[in-house]
Amino acid sequence: MKALRLALTAGLAAALAACVGPNVATAPVAPVMPPVAWRTDADPAAPLQRDWWRSFGDPTLAALVDKALANNSDIGVAAARVREARANFALARAQTLPTIDAAISGGRSRSVGPFGQPSEQSFAQPQIQVAYEVDLFGRLADQKSAARDSWFASEAARDAVQLSIAAAVASNYVTLRSLDARLEVARETVRARSESLRIAKSRVGRGYSPKLELQQAQAEYDATAQIVPQIELAIARTEDGLSVLVGDTPRAIERGTPLDRLAVPGIPDGLPSELLRRRPDVAQAEYQLAASDKNLAAARKRFLPQVRLTSAAGAAFSTLIGDPISIWSVGGSILAPIFQGGRLTAQAETAGAQRDQAAFAYRRTALTAFREVEDALAAVSRIDAQIAFAQSQRDALAEGLRLATNRYREGYSPYLEQLDAQRGLLGAELSLIQLRADALAARIQLFQAMGGGWTNCGASEAPCAPAP
């Protein structure tokens, strides 16, 4: 008898194994091999920090970023998606637990007995019902794991939005301070051109210079004066953009440290393996890939039978009987798909295609991460080298303008020589301001490319994830 029972059990297991869904082909995706070292050598300096925007040494910038992280609409949308994903995970987890329902029915009726005698009764029937699906093959567990990974992916997506918003605020603030510096240079140049125009008028009026010099001085003054409203327009637009980022209507933005006094953060050093842990978009792609794998497994297990257990217990009360009658039932059912018109196969193929999309998306995200770090490192190194030459050029042109101005006032050189010197110095000063802004922007891009130390994972090698 025992041998017969074992044989039946083995036969049932073999029959159930034959019901497993088809093997869904998935595309082979080559792994991303991290480089041995970065192409651009970055000297080890300050480590990454979570609130990296404070390393610029400007409390006003830090306050703007903090306000944006608290009020930005895109972050609010991302947080709502996290809430939705967490609820979906709770729903998937609930599918693995039994359901308990309470029901009660009652009423009053009048009926006719077999001998034509009428009878009236009041009755009530309370009942407790319990239902449970036995997860024999792990389909519900796979759905729960997929929902959990989707929740983790939404957490990483929210972190990626926060990092992007922080970088956008910092970049726009640096742009705003560079525009302020450009406006100061332009106004100072206008004042210098105004003085040159006054001198030219005086010299022409006394007959010391031809009228051509006056026209040249007037044209140069007008050309420089045009720069001021252009920069003011750019400042207004940048302030409007920053206002929206921090969750306000367009308004003036408070200023803090000038551009040339902003601290230049040290370049954060890190290995490629650390990069893959700290970048939230890479973590998001990884969790999405894991969720798609679980969804594919669950789709294949839909071809297997589903086992459900049910039970109910209660009592019947009636005025026709003296004592209540207890009632109960226990049962179970097995639902096995036989013909679904290709629905289950199509669902499995869909899950396989979604898995391939997630795998290629993960590879693309990882490759993009390495490229963005390389680009940012190269920008930091090359722009810093340009600044040294630009500063030297600016100093040389300033000295040249001083000499040309003295020669012109003493009558040893024409006005055109001083005019050329003024033009060269203006261009050099504006170029130096732009390079300083670019250097700070490159560091912001580097912080963003390396994840900005956004999530503190500690010493663990495992990807960061929210607690279940």
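**A close look at the aromatic rings**

Analyst: Let's start with the whole chain: among contacts (heavy atoms within 4.5 Å) with a separation of 6 or more, 81% join residues 24 or more positions apart. This is a predicted model, in which local features need pLDDT of at least 70 and side-chain atom pairs pLDDT 80 or more, while totals for chains, interfaces and linings use all residues. Residues are numbered from 1 along each chain as its sequence is written, and side-chain values use heavy atoms, without hydrogens and water.

The chain holds 9 helices and 4 strands, taken as DSSP runs numbered from the N terminus (helices H or I, at least four residues; strands E, at least two). Of its 468 residues, 36% are buried, meaning under 20% relative accessible area with a 1.4 Å probe, counting protein chains only.

Now to the rings. Across the whole structure there are 5 aromatic pairs; rings of Phe, Tyr and Trp (its six-membered ring) pair if their centres lie within 6.5 Å. One of them joins Phe-152 and Tyr-287, with 5.3 Å centre to centre and 65° between the planes. That makes the pair edge-to-face, a label for planes over 60 degrees apart. Phe-152 belongs to helix 4 (residues 139-205) and Tyr-287 to helix 7 (residues 280-301), so their pair ties together parts 135 residues apart in sequence. Both Phe-152 and Tyr-287 are buried.

Notes:
Buried means under 20% relative accessible area, exposed over 50%, partly exposed in between (1.4 Å probe, protein chains only). Rings of Phe, Tyr and Trp (its six-membered ring) pair if their centres lie within 6.5 Å; planes under 30 degrees apart count as stacked, over 60 as edge-to-face and the rest as tilted.
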